[in-house]
Amino acid sequence: MKLTNIFSRGLVMDNPVFVQALGMCPILAVTNTAFNSLGMGMATTSVLLGSNIVISLLRKSIPAKIRIPCFIVVIATFVTMVGMILEAYFPDLNQSLGIFVPLIVVNCLILGRAESFASKNSLVGSVTDAIGMGLGFTGALVVLGMVRETFGFGSLFDMQLFGEAFEPMALMAMPPGAFLALGILMAAFNKIVYAKLK
Amino acid sequence: MSASSIFVILVSAIFVNNFVLSRFLGICPFLGVSRKVETSFGMGMAVTFVMTMASIITFLAQRFILESLGIEYMQTIVFILVIASLVQLVEMVIQKTSPTLYQSLGVYLPLITTNCAVLGLTILNIQNQYNLIETIFHAIGAAIGFTLAIVLFAAIRERLELADLPLEFKGFPIALITAGLMSLAFMGFIGLV
């Protein structure tokens, strides 16, 4: 497969969020503002990039029978590193992502890419795949975060959009809003993709 | 440490801070496995067992290994390994003792490893500084809450299969919107504790 195909597949056709619905927990939990979404997306992308590189390099020496535990240890190592970096340089972001930073370990997206791509492909392909999937994940998260922040707080990246008279729709900032907004966004994405295919 | 504080932990884990609908933990099996009530219930039972055992073991590991050696930063790696080996163990035990249950759970058993509700629960136990008894009851409450949400959701989804929907909403989108409405209903429990 050509590198450009590998890259664009993660962004649109196999988008991890809108098409594959992988890694739903962080998608729903930390997208109440656009900034949090961006932080979560970048953190996940860095872990995915690191784990794809290491697993692709080790793919010939990992025994097939115990590959899943091996993958999880590699992923957990990178998550611990990203967690420490967040704690040291972005304490506020770390605070608002909270428990979902260590939970990147069990994001099905990362283990899924390790199992179905990095363990079978060369280093260059795996890096491209990680960047494509990571950006697709981040992009979807930021879109969802922007929608929820606009309705839930009346702001975008912490800038106020509307005047004093705006009454924020608190529901969108709370858990039900996450489910509803993602459901509607997914339907919209389907609509656009279906329209293209026809 | 009184009976009432245990009750508060239980009720808040089941209803107020329901793991699936308000903490967003364990969404993957919630959306993936919840097509039939029976399999959802089996999944709930397996998760209950793993959650309770994992909470006890990680509590002991945190207290006697990580803290006594001063390597708390290894928490994520140690906990996920404990959960992964526990799931493997549960799988072998069920396979030996009750082949019928093993068959009905099938592929859902190994999937529990990547259920973030289990890892999330063990980390929350440590963050909330629960003692061993509180940890056990928090685990039971979380597991009941998970089972309740997934079984209720499966019952709704069995009906959704037959509903006449626009093409774009079929599958995940309508499932998410349904989950949103359920989550809204569970918000009614907020004043309870």
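**Close-up views of a predicted two-chain model**

**View 1. A:Arg113 and its salt-bridge partner in chain A.**
A:Arg113 has a relative accessible area of 9% and is therefore buried, the limit for that class being under 20%. The model shown here and in the other views is predicted. The partner of A:Arg113 is A:Asp129, and the closest N and O atoms of this salt bridge are 2.9 Å apart. The two residues belong to distant parts of the chain: A:Arg113 sits in helix α6 (residues 108–118) of chain A, A:Asp129 in helix α7 (residues 123–153) of chain A, with a spacing of 16 residues. A:Asp129 is buried as well, because its relative accessibility is 1%.

**View 2. The salt bridge between B:Glu168 and A:Lys191.**
The closest N and O atoms of B:Glu168 and A:Lys191 are 3.6 Å apart. B:Glu168 counts as buried because its relative accessible area is 16%. A:Lys191, at 49% relative accessibility, counts as partly exposed. Between chain A and chain B the count is one salt bridge.

**View 3. A salt bridge within one helix of chain B, formed by B:Glu67 and B:Arg63.**
The side chains of B:Glu67 and B:Arg63 meet at 4.0 Å, N to O. Helix α3 (residues 37–69) of chain B holds both residues, which are four residues apart, or about one turn of the helix. B:Glu67 is partly exposed, with a relative accessibility of 37%. B:Arg63 is also partly exposed, at 40%. The pairs in these views are among the four salt bridges that the structure holds over all chains.

**View 4. The contact region between chain A and chain B.**
In this region 36 residues of chain A are in contact with 34 residues of chain B. The area buried between chain A and chain B is about 3100 Å², and carbon and sulfur atoms give 86% of it. One residue pair is in polar contact between chain A and chain B, counting pairs with both residues at pLDDT 80 or more. On the side of chain A that touches chain B, the elements giving two or more residues are α2 (24–29), α4 (67–89), α6 and α9 of chain A. The most comes from α9(A), which gives 13 residues to this side. The residues on this side of chain A divide into 30 nonpolar, five polar and one charged.

How values were computed
Residues numbered from 1 in each chain as written. Chains lettered and ligands numbered in written order. Predicted model: local features only at pLDDT ≥ 70, side-chain atom pairs only at ≥ 80, totals over all residues. Heavy atoms only, no water. Buried < 20%, exposed > 50% of the residue type's maximum accessible area, 1.4 Å probe, protein only. Contact = heavy atoms within 4.5 Å. Buried area = accessible area lost by both parts, 1.4 Å probe. Polar contact = N/O pair within 3.5 Å; in protein donor to acceptor, adjacent residues only side chain to side chain. Nonpolar A, V, L, I, M, F, W, Y, C, P; charged D, E, K, R; others polar.
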